[in-house]
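Let's take a walk through this structure together. Have a look at it first, and then read on.

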Amino acid sequence: MSAVVHPDEIRSRFSAALSAMYRAEVPQYGDLLTLVADINAQAIKADASGADRLAASGELARLSEERHGAIRVGTADELATIARAFAVMGMEPVSYYNLAPAGVPVHSTAFRPVDPAALARNPFRVFTSLLRLELIEDEALREEAASTLARRDIFTPGARALIETAETAGGLDEDQADRFVAELLETFRWHAQATVSAQTYERLVAAHRLIADVVSFKGPHINHLTPRTLDIDAAQAAMPERGITPKETIEGPPARACPILLRQTSFKALEEAIAFPDADGTTAGTHTARFGEIEQRGCALTPAGRALYDAALASKDFSALPDDWDALRRGDLAWFRYRATPQGLAARAETADLEDLIALGHVVAEPITYEDFLPVSAAGIFQSNLGAEARAAAYAADPAKTDFEQALGRPVQDEMALYRAEQNASIAATLKALGLTAP
Ligand code: OOG
Ligand code: NI
């Protein structure tokens, strides 16, 4: 085999190809990309020091390439195979999200790069949900849905073969990598042709719109792609001027001087023409699933910081969560990447205490960007795109993480452990660069 293409490179090619496909399928997504590029250019111009900070941490370089997408799969087998396909692109399942308490019959993970260098190259993430058929109450419908899903293969034979090749040969060469991207793209493509009758579709919609979306088509079409903006309030305000109607509220924390976690907004799903098979050919219908979303990412919070965020979100009182980087760091509420400054490297430090080193200007601490998702926000995004009849009642809220991991074929990674490891590694490297050891 000729030289192996780095998984980061395959991920970048795939993310770009998916974006081009979605842009062709959903022109409003292209409008959103233009809007976000304009807002980001303005934000960079208006805040030069903020832009310098982003550049220093490598965030600026990845910004225009950065996006996440979402798909919903129907079976354990589909989930396990998509996990193998994402692994070819250096993406691993991180975190478990249970959406059942919010009335959405799925549980999910996010496939994303985990290594800081890979994240810096291209942080492409895919929020991937598995339908929980066991939450359909009507037994006949549940069985019909299960047998419909059992009949489909969401992967092309070429994609399956290339996943095998990557696993056995330890990677893909140039030609294989390009073919892999093209073949895997088919899994994410929209199909206007439903695989179930109009009657079955209606019964699935009555059980839950999301069930109809997963079961009625040949594959798990990409349902949105989300570029990253530096100023979501400006983007939300500018959407109507560009003929895009945003959802009413921005999900996540309120606007702050020190952005944390994730703030998201979207435009409502489009009503699209589809065709149902029937005895004499096809019947015309419509389906709403695909939408556009934008997000602003801030600093990742520690478990203590996250507990404060969750309490603040529930009470709508964010005053307990300091809006100040030093306070967030000293309180162990957020994760930081430490770095020795040129001044620190030139000096002979008398102390190995990080806070003292920061006060002396020998070390700086940069916030680590949150690379994951928020279950309450995700539920809000799902709900706002399921149409007026969306069911608000919660399903029995058992966290079925073990079932999910069994379907996936492996455990999901703990997001907090990843952030902790990055912070600890940066501290060790900083102290080493300064000729110090941890106190
Ligand atoms: C996924 C919704 C979750 C986000 O950004 O929180 C999500 C879906 O609608 O399939 O993408
Ligand atoms: Ni999203």
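## A loop, a strand and a nickel site

Lysine 316 sits in the loop that runs between helix H13 (303-315) and helix H14 (325-330). Helices (H or I, at least four residues) and strands (E, at least two) are DSSP runs, numbered from the N terminus. Before going further: this is a predicted model, where local features need pLDDT of at least 70 and side-chain atom pairs count only at pLDDT 80 or more, while totals for chains, interfaces and linings use all residues. Residues are numbered from 1 along each chain as its sequence is written, chains are lettered from A and ligands numbered from 1 in the order in which they are written, and side-chain values use heavy atoms, leaving out hydrogens and water.

Lysine 316 has a positive phi although it is not a glycine, and so does serine 95, which lies in strand S2 (residues 92-98). Here they are, with buried meaning under 20% relative accessible area, exposed over 50%, and partly exposed in between (1.4 Å probe, protein chains only).

| Residue | Phi | Relative accessible area |
|---|---|---|
| Lysine 316 | about 60° | 72%, exposed |
| Serine 95 | about 75° | 10%, buried |

Now for the metal. Which protein donors hold the nickel ion (ligand 2)? They are His68 (NE2), His224 (NE2) and Glu293 (OE), lying 2.1 Å from the ion. Donors are N, O and S atoms within 2.8 Å of the metal (3.2 Å for Na, K and Ca); water is not among the atoms, so sites may look incomplete. Along the chain, the spacing of the donors reads H-x155-H-x68-E. Histidine 68 is in strand S1 (residues 67-73) and glutamate 293 in strand S9 (residues 292-297), so this pair ties together parts that are 225 residues apart in sequence. Histidine 68 counts as buried at 2% relative accessibility, and glutamate 293 counts as buried at 2% too.
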